[in-house]
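Please open the model in your viewer and keep the sequence panel beside it. The tour moves from one selection to the next, with a short account of what is found at each stop.

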Amino acid sequence: MPEASFQDVEWMRRALALAQGVIHTTSPNPRVGCVIVRDGQVLGEGATQPPGGPHAEVMALRAAQAAGHALAGATVYVTLEPCSHFGRTPPCADALVAAAPARVVVALGDPNPSVAGKGCARLRAAGIRVTQGVCEEEALALNAGFVARMSRGTPWAWLKLAASLDGRSALHNGASQWITGPQARADGHAWRARADVVLTGIGTVLHDDPRLNVREVATPRQPRKALVDAQLRVSPQARLFDDGPAWVFTAVKDADRTARLAERQAEVICLPDAGGQRVDLAAMMRWLAARDCNEVHVEAGAGLSGALFEAGCIDALLVYLAPVLLGDAAGMLNLPALHSLEGVRRFAFTDMVPVGGDVRLLARDPVRWQALLDSTRQALARPSL
């Protein structure tokens, strides 16, 4: 980012904070923040509103206009490339061109084929200087799900795990509540709240009968719940169905069970794999993306967790480590044995923080992350209108 300065980074981080503030309300649209600055003074700022409402740039422009500010000589900081197409709202790039700021600073390119560089190209064609890539990885962390859905056709999925220091998640008799403390559980609910879907497996439902909703933190909306149940064994009375609709992915067709589940607002989706006995997990992720799901929070047992990992569905790990030792107990996920260290699954740590008496670790697949980053850079490299 050759044109970027320390001030650019600081102002962009203010825009990112605005985007963070709407983390629960914009999906399936991206979380975007915008700040308009001149001579160190904020003229206007805003964040993207719920679907159908104004985008961040328009909110910031309206705030500047309401305060009586013209944008001559101003710099606009926006966390995602301004849109250049008519969707539910008019193009933000056109609104910026009409306002005529001197410069627009963009954190991240938009891989949506309807945008993909066209927004920045329109600004440049109007004589507005454009700086790209300021705080791009911070911006991607807020919108990895949107970028994944647009660039590869699947959501960004993280696997939530709670374990002892020796990597165990439950006793052999199935007892697992509670390894971690109340602060870690509340933090896990905050991650549920930001996701579009909370996904679990039939083993967890049969053993624990979880509700899978967000209870420990305030949220303006509940994520959709989803269940992988290959043989359609779930009871219609499961608490999973108590408060809102759910998706049940199965490998069998059973009209009677499907009808009973429909009475509980559950939609049954039959997606068998080639063998016909298991759910095609990769196809399930594509199905979720086609329903505008950006992020998937997985809380499942070791079997489904391992299967999702083997199917290439997991992008990141959200791990809570408790300061206890369980010894001979169940592991976090079932994976086939390796015969060489060359086959290890490598992740990169991105955050390590204490949460109450426990520690939260965040790690992501660096190859999958780089692919998303490359898709946003390629979008900005397309100069045509």
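UniProt annotations may be inferred rather than shown by experiment, and the positions quoted from that record follow the numbering used here. The coordinates themselves are those of a predicted model.

Begin with the annotated positions: select Ala162, Trp178, Thr204, Asp208, Gly301, Ala302, Gly303, Leu304, Ser305, Gly306 and Ala307, which an unreviewed UniProt entry gives as "binding site". Among them, aspartate 208 belongs to helix α7, residues 202–208, and with a relative accessible area of 32% this aspartate is partly exposed.

Move on to alanine 302, which lies in helix α10, residues 302–310. Is alanine 302 buried or exposed? Its relative accessible area is 19%, and alanine 302 is therefore buried, since the cut-off for that class is under 20%. If you set aside the neighbours of alanine 302 within four places in sequence, the residues in contact with it are Gly331, Met332, Leu333 and Asn334.

Next, display the strands β1 to β5, which form an open sheet with mixed pairing, arranged in the order β2-β1-β3-β4-β5. The edges are taken by β2 (41–47) and β5 (129–132), each of which has a single partner strand, so one side of each lacks a neighbour in the sheet. On average, and ignoring direction, neighbouring strands of this sheet are turned by 15° against each other.

Within the sheet, select β1, residues 33–38, which runs antiparallel to β2 and is joined to it by six bridges. In this pairing, glycine 33 stands opposite alanine 47 of β2.

Helix α1, residues 6–20, lies across β1, β2, β3 (75–78) and β4 (103–106), and runs at about 140° to β1. Helix α2, residues 56–66, lies across β1, β2 and β3, and runs at about 140° to β2.

Terms used. Residues are numbered from 1 along each chain as its sequence is written. This is a predicted model: local features need pLDDT of at least 70, side-chain atom pairs count only at pLDDT 80 or more; totals for chains, interfaces and linings use all residues. Side-chain values use heavy atoms; hydrogens and water are left out. Two strands pair if DSSP finds at least two bridges between them. Helices (H or I, at least four residues) and strands (E, at least two) are DSSP runs, numbered from the N terminus. Axes are lines fitted to C-alpha atoms, for helices over the stretch in contact, and angles run from 0 to 180 degrees between N-to-C directions. Contact means heavy atoms within 4.5 Å. Buried means under 20% relative accessible area, exposed over 50%, partly exposed in between (1.4 Å probe, protein chains only).
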